[in-house]
Each structure stands twice: as structure tokens, then as C-alpha cells.
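Hi everyone, and thanks for making time today. Could you bring the structure up on your screens before I start?

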Amino acid sequence: MFTAIKFKGYKLFSDESLMELDKISNVNVIIGKNNSGKSSLLDIIEMVYDINRFQSSSKLVSTLVVRLPITRNMVTDMFSGYLNLDGWTAGNYWNKVNGKTIDVELGEIGKTIWQNRNKVIEDKDIPLLDTGEFRRGLDILLSERMKYLFRRLSAERNILPEVEIGAEQLSSAGEGVEVWREPYKSNSRVHILPEEERYMVVVECRKDYCLLITAFYFEHDHSLNKKLKKYDEYKNELYKAKSASSK
């Protein structure tokens with residue numbers, strides 16, 4: 001439902017500037033050192049998708065903004081009972097906003113969806129943004145949050161001090177993590193390998209969801225090198241395909 005989340009002022013995250021989780025997809029991997037805020041990010045995601053958690057914890061966050069695509073159902077709800085709004089028909093309006101997104105600051109939840117205090121961030125490229133009809137369509141769309149179920153899987157683990165190795169091995173853009181896809185029966189599996197951490201995560205992409213298959217640590221160099229060879233083969237195939245398509 002949401003393609004990005006912005007927030008500030010939660011636990012160790014600064015109140016001075018917005019932090020952003022962008023390009024949210026079906027499978028997202030969060031990598032960081034101990035006490036770097038990974039669990040806090042999960043708290044934020046839970047607040048966005050779980051109404052009860054939002055009601056109990058949202059006051060701990062200075063600002064919480066979500067980005068979501070404008071949907072055809074939202075436009076239909078906007079124009080319900082109207083042939084046109086300010087010169088726009090439902091069809092013309094949809095042609096204008098199809099593929100666009102809006103940022104919404106989540107606010108207090110009322111007893112009905114009409115009493116919710118969500119604030120739309122101004123976007124001059126989207127017509128009717130300041131109208132009650134737009135707000136109606138948006139509130140109906142955001143009410144879908146009540147259908148989501150957020151669950152955390154807890155696991156006991158031994159927390160060991162991390163060894164300092166100088167510069168960070170992973171950048172904020174994800175460099176330092178090898179990611180490749182392999183076909184598996186009628187589906188495909190995505191392999192995620194932070195080489196310096198010697199840890200592999202495998203996720204299978206199915207029709208409507210993704211399934212965690214396995215995750216493990218490489219104790220032996222030869223096992224790690226076999227997987228890195230697979231990654232190199234994948235890169236070479238992508239390069240060949242790209243070169244062929246550009247001719």
C-alpha cells in the first residue's frame with residue numbers, strides 16, 4: 001500500500017530532519033550494526049500498518065509521513081454522486097493522476113474515518129488536493145490500514161560485541177551486498193549476501209507474496225566462494241543481455 005515512509009524524532013533518530021524509507025517493496029532487508037536503530041525502524045513500520053500500535057505509540061514520533069499511490073478506487077470514491085468536480089470528470093481526473101503518489105502526514109484517528117486528522121502534503125501537480133472530496137477518497141483509502149495484520153517473529157540469540165574493522169562495509173544505498181535471482185521450478189529465488197558478514201538470506205518470489213526460504217552463516221570459505229561465483233555468473237548474464245538489447 002505504501003511506497004515510502006518518512007519520520008523524525010523517534011528514539012535515537014534526530015528530531016531535526018526527516019529519515020526516509022524509500023522504494024518499499026514486497027521484500028525489504030534492513031542491515032546495520034547493533035543498536036543502530038533497526039528495531040526502531042520496525043516500530044515505525046508497525047505504527048504505519050497497525051492501527052492499535054499507531055494509537056498507542058504515535059505520540060512518541062514527532063512526524064510520521066507515508067507515501068501512497070493514488071488508486072482508481074480512490075478517484076471513484078471522490079466522484080461518487082458527482083458528474084464533475086471543478087470541471088474535472090472522473091475519467092479525465094484519473095488520466096491526470098494515474099501513476100502519481102501523494103505524501104500524507106498521519107494524524108490522530110477518530111471514531112469514524114471522517115474524523116481522522118491526516119494531513120495531505122501540498123503537491124501543485126495534483127488537482128483538487130484541498131477539496132473535501134479528495135479528503136473523502138483519501139480517508140477511505142487509508143482506512144484499508146485496518147485490514148492489515150502486523151506480526152513480529154522473536155528469536156533468542158547471543159549478542160556478541162562487534163569487531164571494529166574501520167570504514168563501513170555497506171553504504172546507505174546498499175553497496176556491499178550481492179543480490180541475484182535464480183529460477184526455481186515455476187518461481188524464482190532471490191539471494192541476498194552481504195559478503196563481509198558472510199551471511200546469506202534466500203527468499204522465494206511467488207505470485208502474490210514472497211516466502212523466506214532460509215538464512216545461514218558461511219563457516220567455510222569454499223562455500224562462500226561458490227555463492228560469490230554464482231553472483232558473478234548472474235552479473236555476466238545481465239551484462240550480456242543488456243549489451244544485446246542496446247544493439
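Predicted model: local features only at pLDDT ≥ 70, side-chain atom pairs only at ≥ 80, totals over all residues.

The protein has 247 residues, and 32% of them are buried. In terms of secondary structure, you can find 6 helices and 9 strands. Its exposed surface comes to about 16,700 Å², with 49% of that supplied by carbon and sulfur atoms. Here is one more overall number: take the contacts with a separation of 6 or more, and 53% of them join residues 24 or more positions apart.

Let's go to helix α4, residues 90–97. Which of its residues are buried? They are Y93, W94 and V97. Why do these three sit on the same side of α4? They cover an arc of only 100° around the axis, so they share one side of the helix.

Now for the loops, starting with F13. You'll find F13 in the loop between β1 (4–8) and β2 (19–21). Is F13 buried or exposed? Its relative accessibility is 11%, and the cut-off for buried is under 20%, so F13 counts as buried. Setting aside neighbours within four places in sequence, F13 is in contact with F7, M19, S36, G37, S40 and L41. Look at S40 in that list: F13 and S40 are 27 residues apart along the chain, and their C-alpha atoms are separated by 8.7 Å.

The next two loop residues bring us back to phi. Most residues other than glycine have a negative phi. L128 is not a glycine, yet its phi is positive, about 65°. It lies in the loop between β5 (119–120) and α5. L128 is also buried, with a relative accessible area of 10%.

R198 also has a positive phi, near 55°, and is a residue other than glycine. Where is R198? Look in the loop between β7 (187–194) and β8 (199–205). With a relative accessible area of 18%, R198 falls under the 20% cut-off, so it is buried. What does R198 touch, apart from residues up to four places away in sequence? The list is F216, Y217, F218, E219, H220, D221 and L224.

Last stop: the second largest pocket. It holds about 230 Å³ of space. How many residues line the second largest pocket? There are 13, and those nearest its centre are F54, S58, K59, G107 and E108. The elements giving two or more residues to this lining are α2 (51–57) and β3 (63–69). Sorted by class, the lining has 5 nonpolar, 5 polar and 3 charged residues.

Definitions and conventions:
Residues numbered from 1 in each chain as written. Heavy atoms only, no water. 1 Å grid on protein atoms, 1.4 Å probe; cavity = no way out; pocket = protein on both sides within 12 Å on 5 of 7 lines; lining within 4 Å. Points joined across faces, edges and corners; volume = space filled by probe spheres on them. Helix = DSSP H or I, 4+ residues; strand = E, 2+ residues; numbered from the N terminus. Nonpolar A, V, L, I, M, F, W, Y, C, P; charged D, E, K, R; others polar. Buried < 20%, exposed > 50% of the residue type's maximum accessible area, 1.4 Å probe, protein only. Contact = heavy atoms within 4.5 Å. Areas by Shrake-Rupley, 256 points an atom, 1.4 Å probe, with all protein chains shown as cover. Arc of directions from axis to C-beta.
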